[in-house]
Amino acid sequence: MLALTLDQVRVSYPGLETPVLDIRSLAIAAEECVAVTGPSGSGKTTLVNIITGLARPDQGRVLWGAEDIAALPEARRDRWRAETVGLVMQDFHLFEGLSALDNVLLPARLRRAAGRDTVDHAHALLARVGIKRANQSTATLSRGEMQRVAVARALLRRPKVLIADEPTASLDPGHGAEVAELLLSLARESGATLIAVSHDERLIKRMDRSLALSAGRLANAAFAGLAA
Ligand SMILES: Nc1ncnc2c1ncn2[C@@H]1O[C@H](COP(=O)(O)OP(=O)(O)OP(=O)(O)O)[C@@H](O)[C@H]1O
């Protein structure tokens, strides 16, 4: 539903000779499913922070649709992210003292937006990701189930963009495959653009394409039809 365009984006830190992220041009189409790969330190987390508005580049434009989020002040970037992006992290970021349902609803409850429709939607999402007992304590879920709860939570606001940072890295192969399948099918069902940082070949192969970062630059620009 939202296309991403990066234009002359650069992130540098004092004392480092080269930028940690240096992307001259990148275009990801609305509803595309794209993997981001690269060795440790190549800039993957920096890229995730920039495209989710968690951080601002030193220069360049980060356009989601027509909105340049790099030009927004922090409070507006935070609001834009909450309304637009569903985030799935490697280590789930769930509260183990809460039930699966309460974890999915927590962000909505914090903004006093957990009305009947939202609660119904949370139940439907938990069923869709295969969590049968919505009231089961999160502490007793398997790791694969925890990540499925996190996927349901990410989708509650019907985000236009899904960003996943190593979503299968802390799961065993079977659970990893299930979560990869869920992320892809839910992104496609909801029309969300999916960008997933991953080293998991099973996930990477199923995406529309993959981008390789190397020392902050796009390494497979020619293959992906991009100018790095
Ligand atoms: N606040 C900072 N100050 C200085 N250097 C930083 C800072 N944050 C990140 N870096 C450097 O930027 C580079 C890219 O880091 P980043 O975390 O984006 O890499 P990554 O590809 O996500 O790595 P990993 O796979 O290990 O998580 C690294 O060399 C890192 O040391």
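**Reading a helix pair and a ligand shell**

Trainee: Is the crossing in which α5 passes α6 left-handed or right-handed?

Mentor: α5 passes α6 in a right-handed crossing, the near helix being turned clockwise from the far one by less than a right angle. This is a predicted model, in which local features need pLDDT of at least 70 and side-chain atom pairs count only at pLDDT 80 or more, whereas totals for chains, interfaces and linings use all residues. Residues are numbered from 1 along each chain as its sequence is written.

Trainee: At roughly what angle do the axes of α5 and α6 cross?

Mentor: Two packed helices are described by the angle and the distance between their axes. Here the axes of α5 (residues 143-155) and α6 (residues 173-190) come within 9 Å and cross at roughly 15 degrees, which makes the two helices roughly parallel (an angle under 35 degrees).

Trainee: Which residues make the contact?

Mentor: From α5 come Arg-143, Gly-144, Gln-147, Arg-148, Val-151 and Leu-155, and from α6 come His-175, Glu-178, Val-179, Leu-182, Leu-183, Leu-186 and Ser-190, with C-beta atoms placed from the backbone lying within 7 Å. The residues of this contact divide into six nonpolar, four polar and three charged, Gly being counted as polar.

Trainee: How many residues of α1 are buried?

Mentor: Six of the eight residues of α1 (residues 44-51) are buried, having 20 or more other C-beta atoms within 10 Å of their own; they are Lys-44, Thr-46, Leu-47, Val-48, Ile-50 and Ile-51. After α1 comes Gly-53, whose phi is positive, near 80 degrees.

Trainee: Which residues are around the ligand?

Mentor: They are Tyr-13, Val-20, Gly-38, Ser-40, Gly-41, Ser-42, Gly-43, Lys-44, Thr-45 and Thr-46, each with its C-beta atom within 6 Å of the ligand, and this shell divides into two nonpolar, seven polar and one charged.

Terms used:
Axes are lines fitted to C-alpha atoms, for helices over the stretch in contact, and angles run from 0 to 180 degrees between N-to-C directions. Helices (H or I, at least four residues) and strands (E, at least two) are DSSP runs, numbered from the N terminus. Angles under 35 degrees count as roughly parallel, over 145 as roughly antiparallel, 65 to 115 as roughly perpendicular and the rest as oblique. Two residues are in contact if their C-beta atoms, placed from the backbone, lie within 7 Å. A residue is buried if 20 or more other C-beta atoms lie within 10 Å of its own, exposed if 12 or fewer, and partly exposed in between; C-beta atoms are placed from the backbone.
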